[in-house]
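User: I am new to this kind of model and would like to learn how to read it. Could we take a few features in turn?

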Amino acid sequence: MHEIFELLDYTDYQSNLNKIIKRCFIANQIVYDDNWTEGLKQMVDNVLTSDITIFHGGVDSGQSFKLNSISNDNKRAECEFNVNMEDSFLKNYFNGFIDLLVKIDDRVVIIDWKSDSLNQQFTSYADAQQLISHVNDSYSIQRTLYGYYLIEALSSKYPNKTKQQVFNDHFGGVCYVFLRGCNKNKSNGI
């Protein structure tokens with residue numbers, strides 16, 4: 001599922017979606033089945049047309065966007081990061097990949113795809129408080145590392161700003177997108 005979102009042109013995703021799904025199945029040695037295609041196409045459509053909130057630093061801006069409005073020039077998939085905190089020799093060294101960065105005006109939003117099914121105690125992807133609680137319990141360290149990396153990377157682009165100014169002016173948030181829970185024109189699963 002992640003690879004499908006890596007390869008798509010979000011603004012024109014329907015024109016080559018069948019071909020990309022088939023390519024991903026074959027490349028990952030998964031037996032291709034036409035019956036799966038319709039379900040995957042619906043999932044992709046729901047994800048790319050969901051409402052994603054933009055944050056101004058750590059504050060909900062009241063604005064949202066849809067991924068299908070993001071051109072290829074304003075997105076970057078599988079962004080590798082390396083962080084050596086406090087300049088200690090490998091003591092606090094972290095390496096990873098951010099699934100997607102998108103640029104909205106002057107802000108960068110981190111998108112992390114979640115393709116897992118949630119546990120039986122989870123009642124609904126529309127229950128925002130339960131989803132936030134799950135993300136806080138499961139991904140708080142990841143979110144911190146992603147945010148730290150992005151602020152460091154953005155600070156190099158804005159050398160005349162403090163890190164706090166970079167955060168306030170250019171950080172658009174960290175969004176966990178549960179692929180199985182998204183719906184068109186809603187923020188379910190995000």
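Analyst: Let us begin with a term: a salt bridge is a side-chain nitrogen of Lys or Arg within 4 Å of a carboxyl oxygen of Asp or Glu. This is a predicted model, in which local features need pLDDT of at least 70 and side-chain atom pairs count only at pLDDT 80 or more, while totals for chains, interfaces and linings use all residues. Residues are numbered from 1 along each chain as its sequence is written, and side-chain values use heavy atoms, with hydrogens and water left out.

User: How many salt bridges does this rule give, and which residue meets Lys163 in one?

Analyst: The count comes to six salt bridges, and in one of them Lys163 meets Glu152, with N and O 2.5 Å apart. Because Lys163 lies in helix α5 (residues 163–170) and Glu152 in helix α4 (residues 128–157), the pair ties together parts that are 11 residues apart in sequence; helices here are DSSP runs (H or I, at least four residues), and strands are runs of E of at least two, numbered from the N terminus.

User: Which residue forms a salt bridge with Asp51?

Analyst: Asp51 pairs with Lys66, their closest N and O atoms being 2.4 Å apart. Lys66 is partly exposed, with a relative accessible area of 23%.

Technical notes. Buried means under 20% relative accessible area, exposed over 50%, partly exposed in between (1.4 Å probe, protein chains only).
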